[in-house]
Amino acid sequence: MKKSLTLTIAIIAVSALSASAADAKANYEKDCAKCHGADGKGQTKMGQKLGAKDYTDAKVQAELKDDAAFKATKEGLKNKEGKQLMKPAEGLSDADIKALVAHMRTFKK
């Protein structure tokens, strides 16, 4: 009985993590890929215009801290002159944003 319960809990946990990863990928594709690119390189027309960073670059990934990525996603990002570069995430919970940052980390090569 204990083994069945443990196995059931493990299956539910894995399913929840898989759903979270799938949701993060879907959110990225819906909200981020138009600038950052489906591959995270930032080589889209809009990404090049706004200076999107290449998230496949290990150095870029190392310099970007999770809390800064979270804040930029949640609050948006402006340049030094105050021009909006990235809109704040709309309709995403803190957990969704954390999953989105984790998904962005998968682009590192």
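These legends walk through several close-up views of one predicted protein model.

Because the model is predicted, local features need pLDDT of at least 70 and side-chain atom pairs count only at pLDDT 80 or more, while totals for chains, interfaces and linings use all residues. Residues are numbered from 1 along each chain as its sequence is written, and side-chain values use heavy atoms, with hydrogens and water left out.

**View 1**
The chain has 109 residues, and 26% of them count as buried. Buried means under 20% relative accessible area, exposed means over 50%, and partly exposed is in between (1.4 Å probe, protein chains only). The accessible surface comes to about 7,800 Å², with 59% of it belonging to carbon and sulfur atoms; such areas come from the Shrake-Rupley method with a 1.4 Å probe, and for residues only the protein chains shown count as cover. Of the contacts (heavy atoms within 4.5 Å) with a separation of 6 or more, 44% are between residues 24 or more positions apart.

**View 2. The largest nonpolar core brings together 13 residues.**
A nonpolar core is a set of buried Ala, Val, Leu, Ile, Met, Phe, Trp, Tyr and Cys residues joined through side-chain atoms within 4.5 Å. Tyr28, Tyr55, Leu100, Met104 and Phe107 have the most contacts inside this one. Helices α5 (66–75) and α6 (94–105) each supply at least two of the core residues, and α6 gives the largest share, 4 residues. Zoom in on methionine 104 and you find it touching Tyr55, Gln61, Leu64 and Ala69, leaving aside residues up to four places away in sequence.

**View 3. Asparagine 27 sits in helix α1, which spans residues 2–31.**
Is asparagine 27 buried or exposed? Its relative accessible area is 13%, so it counts as buried. Beyond residues up to four places away in sequence, asparagine 27 touches Cys32, Leu92, Asp96 and Leu100.

**View 4. Cysteine 32 lies in the loop between α1 and α2 (33–36).**
Cysteine 32 is buried too, with a relative accessible area of 16%. Setting aside residues up to four places away in sequence, cysteine 32 touches Asn27, Gly37 and Leu100. How many residues separate cysteine 32 and methionine 86 in sequence? They are 54 residues apart, while their C-alpha atoms are 9.4 Å apart in space.

**View 5. Histidine 103 has its place in helix α6.**
At a relative accessible area of 14%, histidine 103 is buried. Which residues does histidine 103 touch, not counting residues up to four places away in sequence? The partners are Ala24, Lys25 and Tyr28.

**View 6. Charged side chains pair up in 4 salt bridges.**
Side chains of opposite charge can pair when their charged atoms come close. The rule for a salt bridge is a side-chain nitrogen of Lys or Arg within 4 Å of a carboxyl oxygen of Asp or Glu. One of the pairs joins aspartate 66 and arginine 105, at 2.7 Å from N to O. This pair links distant parts of the chain, with aspartate 66 in helix α5 and arginine 105 in helix α6, 39 residues apart. Aspartate 66 is partly exposed at 45%, and arginine 105 is partly exposed at 23%.

Another pair joins aspartate 94 and lysine 74, at 2.5 Å from N to O. This pair also links distant parts of the chain: aspartate 94 belongs to helix α6 and lysine 74 to helix α5, 20 residues apart. Aspartate 94 has a relative accessible area of 36%, so it counts as partly exposed; lysine 74, at 38%, is partly exposed.

Aspartate 31 and lysine 30 also meet in a salt bridge, at 3.3 Å from N to O. Aspartate 31 is partly exposed at 32% relative accessibility, whereas lysine 30 is exposed at 52%.
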